[in-house]
Amino acid sequence: MTSGQPSHHLTRRDAARARAEASAHRTECRRRLTRRTRGVGGREPDRALVGGSLLVIASLLALAWVTADQPGLPGHFANDEGTIISVNRGTFTEADSSFQLIAAVYRWMGLAELPTLAALIGVASYLLVLTAAISHTRLATAEWVDWAIIISCVALAAIYHGAYTKDLLTVGAVLALIANRGRGLLAELVPVAAMLLYAQSFRTYWFLVAGLYLVLRLALRARRGWTATLGVILVLYAGLSVVFPLIVGVDLDHYRLTVNEHRSTESVNTLIVQFLPGTGPVSGFVNSVLTFASFIVPIPLMLRGGAIYLVVALVLLALWGSLVTVIRSARLRAPRGAPVLTAFQNRLFAAILAFLIVQSIFEPDYGSFLRHLTPMLIVAMCLLLSLRHGAAALSARRRPASAASRVDQRGACRTDAAAMRTSAATRAQENGPAAASTPAAESAW
């Protein structure tokens, strides 16, 4: 290649792919050097050890805080607990069926008059499922931000599961999602069966979660970019905005409006109000889509929720941002035309999207959304750590031959990284655009 040759054939995708490949090689080089010089810089083992230790400490503190009856927590967080206690004592017979059922579950467990033990069981069950989700991943690849999110999940569990709660049984559906990590018919059917069972016995809107999950699971099997994924989501919203008036007889955002009819932003500071006032399919479509967007970029929660919700909003931004980053990185690494996510990762991704879509239709306020989202954060963290683990494993399997020789590891790593940065440009300039779009044989990404 000469300096006089044009470089306009190099596409943005090729440049991004080359940068991702170079970054992966630099990470793998640092990992190999760390193994050779453990006394100098064992950053990844230290990070896993420190993160795991902090998780244990946070879990113990959460259990202790719950045992002390959640001191310092604002009273409105206990609204559901108060309703369940009233149902169990027979003083609130008009409660809806979901409260009646969960109250019966607590009575069956012998916990109707044991609120502290019920709270400890709720938090402990969440922690067990969270541990199961992250224990099958390579925690050495977890970043500091991942550990921060995991510890935030523990804090949310203490807040929302550290009392009588309607979300006690949601962790069962989450466990069904994260426990089936392989391929095959059984791995596909078990999560759907768990969703349907949960919907039949407890929350009927999970029928819609299960249906959207199946549609997304099929639609996202093919390799799709973010534009296509967003298109699929918008098509689903458009279909629902037509189906609801025809079959259910109400607009898409009717149920939220009905719940909020006698509430105001003064009484509930995290109320989800209409972004576009009005009725009809168009209004339902726009308001539901914008509510979905506000779940991903929770600006209303940051502005109106107070200190606790501000911190949670930042955690959600970190989580969704990390997921977008690792999925984008996986798409850049994957060979052209190959699937980006494994079957297990695709199931987790479809479940998260289906849940957020349904919540954007029914949730009346962001506080309720966070309460119901807390168990599903386990699914999101499982996906995030699985993608990080996959990237590290792929990089380790496909290391360059020159590095494998270990004759001069430091020099080889520097040479490999530099070669990866220029590989796409070299193919484009020497062989034209067609070669630029084909990954190099040495890369094998």
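This is a predicted model: local features need pLDDT of at least 70, side-chain atom pairs count only at pLDDT 80 or more; totals for chains, interfaces and linings use all residues.
Colleague: How many helices and strands are in the chain?

Modeller: Helices are DSSP runs of H or I with at least four residues, strands are runs of E with at least two, and both are numbered from the N terminus. The chain has 20 helices and zero strands.

Colleague: What share of the residues is buried?

Modeller: Buried means under 20% relative accessible area, exposed means over 50%, and partly exposed lies in between, with a 1.4 Å probe and protein chains only. Of the 445 residues in the chain, 49% are buried.

Colleague: What part of the contacts comes from residues 24 or more positions apart?

Modeller: A contact means heavy atoms within 4.5 Å. Take the contacts with a separation of 6 or more. Residues 24 or more positions apart account for 77% of them.

Colleague: How are two packed helices described?

Modeller: By the angle between their axes and the distance between the axes. Axes are lines fitted to C-alpha atoms, for helices over the stretch in contact, and angles run from 0 to 180 degrees between N-to-C directions. Take helix α11 (residues 226-248) and helix α13 (residues 281-296). They pack at an angle of about 140°, with their axes 9 Å apart. That makes α11 oblique to α13. The cut-offs are under 35 degrees for roughly parallel, over 145 for roughly antiparallel, 65 to 115 for roughly perpendicular, and oblique for the rest.

Colleague: Is the crossing of α11 and α13 left-handed or right-handed?

Modeller: A crossing is left-handed if the near helix is turned anticlockwise from the far one by less than a right angle, and right-handed if clockwise. The crossing of α11 and α13 is right-handed.

Colleague: Which residues make the contact?

Modeller: From α11 come I233, L234, Y237, A238, S241 and P245. From α13 come P281, F285, S288, V289 and F292. By class, that gives nine nonpolar, two polar and no charged residues. Ala, Val, Leu, Ile, Met, Phe, Trp, Tyr, Cys and Pro count as nonpolar, Asp, Glu, Lys and Arg as charged, and the others, Gly among them, as polar.

Colleague: Where is S283 found, and which residues does S283 touch?

Modeller: S283 is in helix α13. S283 counts as buried, at 5% relative accessibility. Leaving out residues up to four places away in sequence, S283 touches D253, Q274, L276, P277 and G278.

Colleague: At what angle do α4 and α5 cross?

Modeller: The axes of α4 and helix α5 (residues 97-108) cross at roughly 70° and come within 9 Å. So α4 is roughly perpendicular to α5. D80, T83, I84, V87 and N88 in α4 meet F99, Q100, I102, A103, Y106 and R107 in α5. The residues of this contact divide into six nonpolar, three polar and two charged.

Colleague: How many salt bridges are there?

Modeller: A salt bridge is a side-chain nitrogen of Lys or Arg within 4 Å of a carboxyl oxygen of Asp or Glu. By this rule the count is six. One of them joins D146 and R388, with the closest N and O atoms 2.5 Å apart. This pair links distant parts of the chain: D146 is in helix α7 (residues 144-160), R388 is in helix α17 (residues 366-397), and they are 242 residues apart. Both D146 and R388 are buried.

Colleague: Which residues join with R217 into one network?

Modeller: R217 forms a salt bridge with E188, the closest N and O atoms being 2.7 Å apart. R217 is in helix α10 and E188 in helix α9, 29 residues apart. R217 counts as buried, at 9% relative accessibility. Salt bridges that share partners join E188, R217 and R347 into one network.

Colleague: Is D69 buried or exposed?

Modeller: D69 lies in the loop between α3 (43-67) and α4 (79-88). D69 counts as exposed, at 62% relative accessibility. Q70 is found in the loop between α3 and α4, but Q70 is buried, with a relative accessible area of 11%.

Conventions:
Residues are numbered from 1 along each chain as its sequence is written. Side-chain values use heavy atoms; hydrogens and water are left out.
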